[in-house]
Structure formats: structure tokens, C-alpha cells
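Below is a briefing on one protein chain.

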Amino acid sequence: MSKLLIVESPSKAKTLKKYLGSDFEVLASYGHVRDLIPKNGAVDPTQQFAMKYDIIDRNSKHVDAIAKAVKVADSIYLATDPDREGEAISWHIAEILADKKLLKNKLLKRVEFNEITQTAVKYAIDHPRDIAMNLVNAQQARRALDYLVGFNLSPLLWKKIRRGLSAGRVQSPALRLIVERELEIEAFTSQEYWSIHLDALKHAHRFNAKLIQLNGEKIEQFSVINHDQQADIVGKLLIASAGKTTVSRVEKKQRSRSPAAPFTTSTLQQEAVRKLGFTTSRAMRIAQQLYEGIDVGSGTVGLITYMRTDSFSLAAEAVMQIRDYVKKNFEADYLPKSPIMYKTKAKNAQEAHEAIRPTDIFRSPASVRQYLNDEQFKLYEMIWKRTLACQMTQAKYDAVSVDLSVGTDATLFRASGQTLVFPGFIAVYMEGTDDAEEESEAKLPHLETGEVLNVEKIYGDQHFTEPPPRYSEASLVKALEEYGIGRPSTYASIISTLQDREYVLLDKKRFTPTDVGRVVNKFLTEHFTQYVDYDFTAKLENELDEIAEGNRDWIPVMDKFWQGFNQQIINKADVDRPGNELIDELCPKCGRQLQKQLSRFGTFIGCTGYNAEPKCDYKRSMNGAAQAGSDPVTIGTDAESGKEIYLMNGPYGPYLQVGVAVEGEKKKPKRVSIPKEVPLANVNIDIANMLLSLPRDLGQHPETGKKIIANIGRFGPYVNHDGKFKSIPKSESVFSIDLAGAVTLLAAANTGPAPIADLGPHPSGEGRIEVYAGRYGPYVQHAKVRATLPKSVTPEELTLEEALALLTEKAAKETPAKKTGTKKTTAKKTTTAKTTKTETATIIKAGAAKKATAKKASAKKTATKKAATKKSDAA
């Protein structure tokens with residue numbers, strides 16, 4: 001009996017094939033197989049939100065392979081990921097197969113497993129189920145909502161602001177969070193305040209206490225607000241103390257601290273950002289690799305459970321295994337008397353799933369270190385430690401609080417400290433924090449009530465209130481979760497979208513909104529308030545969760561949303577264009593009124609006569625510098641030539657030009673690109689002169705004696721020596737790099753560029769497969785074969801199997817055809833790239849070979865014709 005198992009990932013397919021044996025064929029869908037057609041009408045609200053799907057081009061070959069395998073299979077098992085997206089992919093595959101009439105008299109079942117281990121997979125195969133349509137409907141509703149918002153709101157942004165902008169049901173509230181935080185920071189007014197301190201001595205032990213009560217009144221944050229006030233208080237306290245202070249209260253108690261719950265998707269992303277310096281998308285990418293399977297010597301195995309989950313719960317078997325590990329590797333005090341249970345806070349959590357944990361706690365990080373790259377190891381180690389710690393005893397501290405009186409008991413200073421007396425779970429793992437200080441570990445000497453101590457000094461300490469911090473990736477994920485915006489599995493894509501749209505910038509690991517992001521947010525919050533409202537977004541997420549649980553029908557939810565949203569789109573069609581605010585200033589060029597305007601370069605000052613007659617194209621940035629645009633803008637005069645310097649915008653970005661091209665003259669005007677690190681708003685005559693002074697002559701190379709220059713080109717700043725170019729890194733500047741630095745860079749250039757990702761050894765055992773950042777985009781390379789990555793695939797998303805497929809296809813294309821002529825035929829040796837034994841590589845190789853054969857035949861035919869023609873001419 002022939003059986004077919006369909007999964008999403010080729011990596012997972014490879015792992016499962018080893019578990020299931022020869023009875024099973026395992027194929028991958030490579031993610032989603034169908035999506036809404038990318039044009040209006042894909043979702044029809046008048047027909048109960050009927051949705052028109054098309055097979056995704058890049059996955060059509062995988063769908064064909066699945067269809068072919070289904071024809072000869074008796075049983076089909078859909079083993080896509082265990083979440084709503086995975087359920088929807090299974091449904092789409094089933095629909096495609098049904099449309100092709102391939103399911104007659106065949107068993108079609110859904111199987112689900114949260115970890116890729118032999119036991120879990122075989123259990124899932126033995127306990128299949130039907131496709132859960134409630135989960136499919138929840139995913140379809142989410143997709144339809146996102147489509148309706150995007151396809152209706154984005155064109156309005158194009159009309160009112162500029163083309164290329166987008167709005168999203170989830171991304172727009174996320175943008176609002178970042179913009180509102182920035183507005184808080186800008187509106188913040190710092191306040192001065194002082195704290196009063198006393199340093200006391202007992203023998204040689206000095207400790208610090210803080211004033212908490214003065215003359216019977218409690219000291220608040222702003223009780224002391226300036227230098228003179230604190231100086232007066234300190235002076236009086238020094239006199240009252242006479243160099244002594246009395247211990248008026250000693251309180252000792254034991255504190256305990258509980259371990260953090262095991263990882264969910266959200267907390268994993270937060271900790272990976274805080275502790276490991278990963279981005280959220282990178283963390284999820286590496287987690288996916290650990291889940292799908294790593295060859296650990298004894299075979300390929302999934303190292304962690306499914307990484308998209310919002311549940312804190314652990315399987316009973318896993319808890320018992322963790323407790324067994326603690327019992328065998330730690331003293332008895334580290335094991336709690338009973339298992340620790342964690343309750344999921346999120347009311348819409350999928351409790352059927354587990355938290356993220358190792359599939360086997362006895363598979364320690366050290367034992368698999370040699371099989372993992374650095375990033376995989378770091379993430380696995382963090383997951384392993386957190387999971388182990390969650391079933392260990394609390395950490396225990398001895399906490400002491402002491403009050404010291406000065407003069408009378410009406411004036412008190414307080415000192416507190418704690419000592420870790422038993423580490424418990426802290427021996428393994430301590431949770432990270434965002435924008436917060438760790439608890440004090442100050443130690444106090446042994447003190448008794450009534451004891452008199454020496455006062456070393458009393459002094460004031462000045463402070464200023466600080467604005468709220470900008471969001472980091474970790475704190476933004478936490479905020480999204482708290483507000484109920486999106487789902488944990490979408491956080492990484494939300495953040496990426498905001499950056500890709502240039503609505504926000506990530507500077508020093510903190511998010512700052514751009515001018516465009518501010519204007520888009522202002523337009524949406526003013527005119528579509530409800531749809532960027534946090535509570536509304538969270539409520540809609542809850543309704544989608546109720547659909548997934550089978551407690552709500554998806555059509556009424558869609559209809560309710562659409563009726564209000566569509567009416568709002570109609571009502572706002574004629575609203576004024578945002579960003580074009582008139583200012584009280586006249587144009588120095590034509591005398592018309594000026595206004596604030598928005599372009600792709602940000603906010604600038606422009607003339608209202610831009611669309612009037614006669615036309616006036618005066619522009620300048622907010623700080624007075626010229627503004628790049630479609631028309632040349634004068635920013636000053638070149639001292640050397642006396643010609644005007646223009647700031648212009650070309651196909652490769654903004655640039656400076658001296659003078660204008662003169663018809664009939666061969667010599668072109670001098671031009672220089674403006675580096676990305678130089679803000680356009682700062683480009684004035686001084687910066688222009690500095691840029692136009694390029695190229696810089698750095699001197700002669702010590703080995704060749706040939707000149708080295710530094711300059712800026714289409715792809716950024718570089719150094720050039722004897723025809724060899726090397727980009728100048730961001731840590732250096734084209735204006736600061738010296739001869740020695742340039743020689744070092746050029747030496748590195750001779751060794752070739754460093755890869756941006758290492759996918760591992762080639763299956764043939766010869767060399768490694770690596771990803772590089774090329775001039776025309778990222779590419780994957782093995783030996784001398786290079787293949788450019790498709791635009792739909794980022795270096796972070798590229799799998800080893802996908803890389804092998806690209807290299808195989810490229811190698812087949814580069815195989816030269818035999819040449820035939822009147823002279824003797826020269827046969828060139830060709831090399832064929834070794835391929836993997838996976839089904840994907842085989843299919844692609846066969847297709848490529850077919851194309852190559854056809855190409856050879858065509859080349860041979862053409863060459864023969866040419867030879868015959870030459871012979872005829874000669875005759």
C-alpha cells in the first residue's frame with residue numbers, strides 16, 4: 001500500500017523520510033501553495049466574501065510533483081505545521097487535488113505533531129483526523145481582512161500622500177505605537193530632583209541609606225527640587241546628627257524568586273533580541289531550523305518543539321523527564337517536591353500546543369555543539385536552559401531593611417540589601433530585562449536596634465527625569481502582545497514591513513519613526529481612528545480566535561467589519577492631502593506662499609506655485625538646506641569653476657552636479673553621489689564642496705607604487721588601486737580613511753568577500769555552500785557555481801535544499817553546448833554539479849537537463865547551418 005506524506009518544508013521532509021521508511025513517500029509544499037489573486041476582486045463582499053485563489057508561481061512545480069505522487073498513492077497524509085496557517089495549507093492542497101479529480105477512492109487525512117521525533121510522528125500517523133475547518137475559516141478570515149484593508153486603504157494613501165505607501169490591519173496600529181512613543185519623547189520636559197543620602201560606618205563596613213522621612217513628613221520624588229533646597233537640608237542634618245546615627249528599626253525576612261515560564265513565541269523573540277542580539281525574524285528562522293531537524297551524528301532529529309505557540313504548558317512526559325534530569329545532575333534541594341505548572345495568561349492561547357522546549361532534555365547543548373553553527377547553538381542553549389530552569393526550585397535571598405534616625409525618630413534614612421543564600425533555578429538561567437536595572441545585591445553589616453553608628457557623610461544627589469525609552473525589537477514585541485495586536489507568529493513580519501516601507505528606522509537597536517511614517521500615522525489616526533485603535537484591533541483578534549475555536553461564524557464577523565470600513569473609505573475619499581500645511585513665509589523666488597510638503601526624502605518647505613502658472617519649483621529642507629527632487633535645485637556656487645551646484649535625484653538616488661550639460665560639448669558636468677549616511681536635510685554648500693572634492697588621492701601603494709584613491713560610486717564609498725575596488729565599511733568614512741587603512745582593505749579584497757551566511761557542507765563532501773552579498777543582490781555559491789537568489793527569498797530564509805536546487809539549475813544552464821564547424825570539432829569537457837538525493841533536487845535537475853539537451857540540439861543545428869553557408873560562400 002503506497003502512502004504519501006505532505007509537509008511544508010523540504011528539511012522536515014528529509015527528516016521524516018528517515019522515520020517512516022520505504023512505505024512512505026514524503027514531499028514538501030514549500031510553504032503556501034495558493035494565495036489570493038493580486039488584484040481587485042480577489043475577495044467579493046457581495047458574495048459572502050468569496051475568495052479567488054491562484055497557485056503561487058514559485059511553488060507550482062512542487063504542486064505538480066505532489067499531484068503526480070498522489071496519482072500512485074493509496075493514502076495521503078497532510079502533515080503541514082500544527083497551527084492555523086498549516087491547517088489552511090493542508091486545506092488548499094486538498095482543494096487543488098480535488099479540483100484535479102485525484103482523490104477518488106483515496107484516504108485523505110490530516111496529521112499533527114508538535115515535535116519531530118520518531119515517537120511523536122508515528123503516534124500522529126496512527127491517530128489521523130479530518131481537516132479542522134474552524135481553523136481554516138479563521139485563517140481565511142484573517143487573510144480576507146488583511147486584503148480588504150490593504151487593497152482599499154493603500155490606494156487612498158497613494159492619492160493623499162504619495163505612491164508606494166501601504167496600510168495594514170495590524171501594521172498600522174504597530175506604527176502608531178512607535179509614533180506615539182516618539183511624540184511622548186518630544187513633548188517630555190525634564191524635571192530636576194534631588195535625593196539625600198547618608199553613608200554610615202560600622203567598623204570598616206560602609207553602607208548607604210536614603211532619606212525617606214524629614215521632620216515627620218514622607219520624602220517623595222519631587223520633595224527636593226533644587227540645589228539650594230538640598231544644601232539647606234543637608235546642612236541641618238549634619239548639625240542634627242553630630243556625626244552619629246541610631247539604628248531605629250531592623251527587619252529581616254527571606255525572599256524568594258520563581259523561575260520564568262518556558263518559552264512562547266513572544267518571549268523567545270524577546271529574549272533572543274535581549275540576550276543574543278538577534279532580530280525577531282532571525283530568531284524565528286533559527287528556531288525553525290532546530291525544529292525541522294539537525295543531523296546529530298546518530299541521525300537527523302528535531303531538537304525543539306514547534307516554535308509558533310502562545311502556550312506555557314508542557315507535556316506531562318516532558319515535565320517528568322526534566323525532573324529526572326534535575327534529580328540526576330543537581331543536589332536534592334534543586335528539585336521541587338511537585339512539578340511546577342504554568343498557566344497561560346493569554347485568553348486566546350492554543351493550549352493544545354506546548355511551550356517551546358527541547359524534544360529531549362538529556363540532549364544537552366554541549367552534546368550537540370559540534371553539529372550546530374554558532375547561532376543555532378546559542379538559541380538551543382537558551383531554550384534548553386530556560387526549560388530546565390522552569391522545573392527547578394526558587395532562588396532564596398536574605399533581605400534586610402534598616403531605618404537610621406538622625407536627631408529624632410521623625411527624620412529617617414533607609415538602607416536595604418539582600419544576599420543570595422540559595423541559587424535554585426538561577427544556577428541555570430536568569431531571565432533578561434528591558435529598560436530596567438537588576439535588583440541590588442548590596443550587603444549590610446549585622447545591625448541591632450538601638451545601635452549607634454558613625455556618620456561618614458550626608459550629601460545630596462542630583463537627578464533629572466528621563467523620557468520613556470524608544471521601543472527596541474524586544475519591547476515592541478512585548479507591547480504588541482500586551483495590546484493584543486497581531487499574533488506571536490506575525491510579530492517578526494510586522495516589524496519587517498514597517499522597516500521595508502521606511503515608516504521606521506532601527507537606530508542603535510531602537511525604533512524611530514520617519515517623516516513618512518509620521519504622516520501616514522497622522523492620516524490614519526485622524527481619519528480611520530477605529531481601525532488603528534488598540535482595543536478595536538485586539539477585539540477583532542479575539543473574534544478571529546473564537547472562529548478558530550468553533551464558537552463564531554466567520555461570515556458575520558467579516559460583514560460587520562466591511563460595512564463600517566467600506567463606508568469610511570467612501571466618506572474619506574475627498575479629505576485634504578495631509579502634510580501640506582501652509583506656513584507664514586513667502587517664496588524668495590516668486591513671492592507665493594510656502595508650505596510644508598512631504599516627499600520620499602521626508603518633510604521639506606516648498607512653494608505653492610509648483611502646480612501654478614508660471615511654475616515655481618523652489619524647495620528647501622526644514623533646516624534651510626536644498627531639497628532633492630525631480631527638478632534641479634541650486635544650493636550654492638562652486639568656488640573653483642564659478643558654476644552653480646545642483647542637488648538632483650537620479651535612478652540610483654540623489655547626487656550633486658556642477659553646472660549643466662552643454663549641447664555639443666563632450667565633457668560632462670562633474671557629479672558625485674550623496675552617501676546614504678549623509679542625511680539629505682544636512683546637505684548644504686559646505687558638505688557639497690567636501691563631496692565634490694572627491695576623489696581623494698591617498699598616496700602610492702607600498703608594494704606596487706601605484707596610486708590609491710578614495711571615492712563614492714553607485715554602490716557607495718570605495719577605494720581603488722590598479723583596477724581593484726573595495727567598499728569602505730560603515731565604520732570608516734571616505735573622508736577619513738588613510739593610506740594604511742586603504743592598504744588593509746585592499747589586502748582583504750584579495751582574499752574575497754566574507755559570506756553573510758554559511759548553509760553547511762555540500763552533500764558531496766566537497767566544499768561548503770555559502771551566501772554572499774553581491775553588487776546585484778545576494779547569491780549562493782559552491783565552488784565556482786553562483787546562483788542569484790530570487791527576490792522572494794531572503795538570505796535568512798534560504799534553506800540548504802533551496803540553495804542546492806538553485807545551484808543545480810544554474811550549473812545546468814552554464815554547461816556549454818558542443819560547437820560544430822567546417823574545421824575540426826573541439827569537444828569541451830563539462831562538469832556537472834553534484835546534486836543532493838532529495839526529490840526536489842532530482843526533479844529540478846531532470847528539468848534543467850532537458851532544457852540543456854534542447855539548447856545543445858538547437859546550438860548544433862545553428863552551427864551546422866552557419867558552416868554550410870560559409871562553404872557555399874567560399875564556392
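**Chain overview**

Among contacts (heavy atoms within 4.5 Å) in the protein chain between residues at least 6 apart in sequence, 64% link residues at least 24 apart. This is a predicted model, in which local features need pLDDT of at least 70 and side-chain atom pairs count only at pLDDT 80 or more, while totals for chains, interfaces and linings use all residues. Residues are numbered from 1 along each chain as its sequence is written, and side-chain values use heavy atoms, with hydrogens and water left out.

- The secondary structure of the protein chain comes to 21 helices and 35 strands; these are DSSP runs numbered from the N terminus, helices being H or I with at least four residues and strands E with at least two.
- Of the 875 residues, 47% count as buried, meaning under 20% relative accessible area with a 1.4 Å probe, protein chains only.
- The accessible surface is about 45,600 Å², and carbon and sulfur atoms account for 50% of that surface; the areas come from the Shrake-Rupley method with a 1.4 Å probe.

**Sheet β32-β33-β34-β35**

- Four strands make an open, antiparallel sheet in the order β32-β33-β34-β35; two strands pair if DSSP finds at least two bridges between them.
- Strands β32 (757-761) and β35 (785-788) are at the edges with a single partner strand each, so one side of each has no neighbour in the sheet.
- From one strand to the next, the twist averages 25 degrees.
- Antiparallel strands β33 (residues 768-774) and β34 (residues 777-782) are joined by five bridges.
- Tyr772 has Tyr779 in β34 as its bridge partner.
- Helix α20 (residues 800-814) lies across β32, β33, β34 and β35 and runs at about 110 degrees to β35; axes are lines fitted to C-alpha atoms, for helices over the stretch in contact, with angles from 0 to 180 degrees between N-to-C directions.

**Helix pair α8 and α9**

- The axes of α8 (residues 265-276) and α9 (residues 280-292) come within 9 Å and cross at roughly 115 degrees.
- The two helices, α8 and α9, are therefore roughly perpendicular, a term that covers 65 to 115 degrees.
- Residues making the contact include Leu268 and Ala272 of α8 and Ala283 and Met284 of α9.

**Leu594**

- Leu594 is in strand β21 (residues 593-599) and counts as buried at 0% relative accessibility.
- Ile605 is eleven residues from Leu594 in sequence, and their C-alpha atoms are 6.6 Å apart.
- Not counting residues up to four places away in sequence, Leu594 touches several residues, among them Ile583, Leu586, Ile605, Cys607 and Tyr618.

Definitions and conventions
Buried < 20%, exposed > 50% of the residue type's maximum accessible area, 1.4 Å probe, protein only. Parallel < 35°, antiparallel > 145°, perpendicular 65-115°, else oblique.
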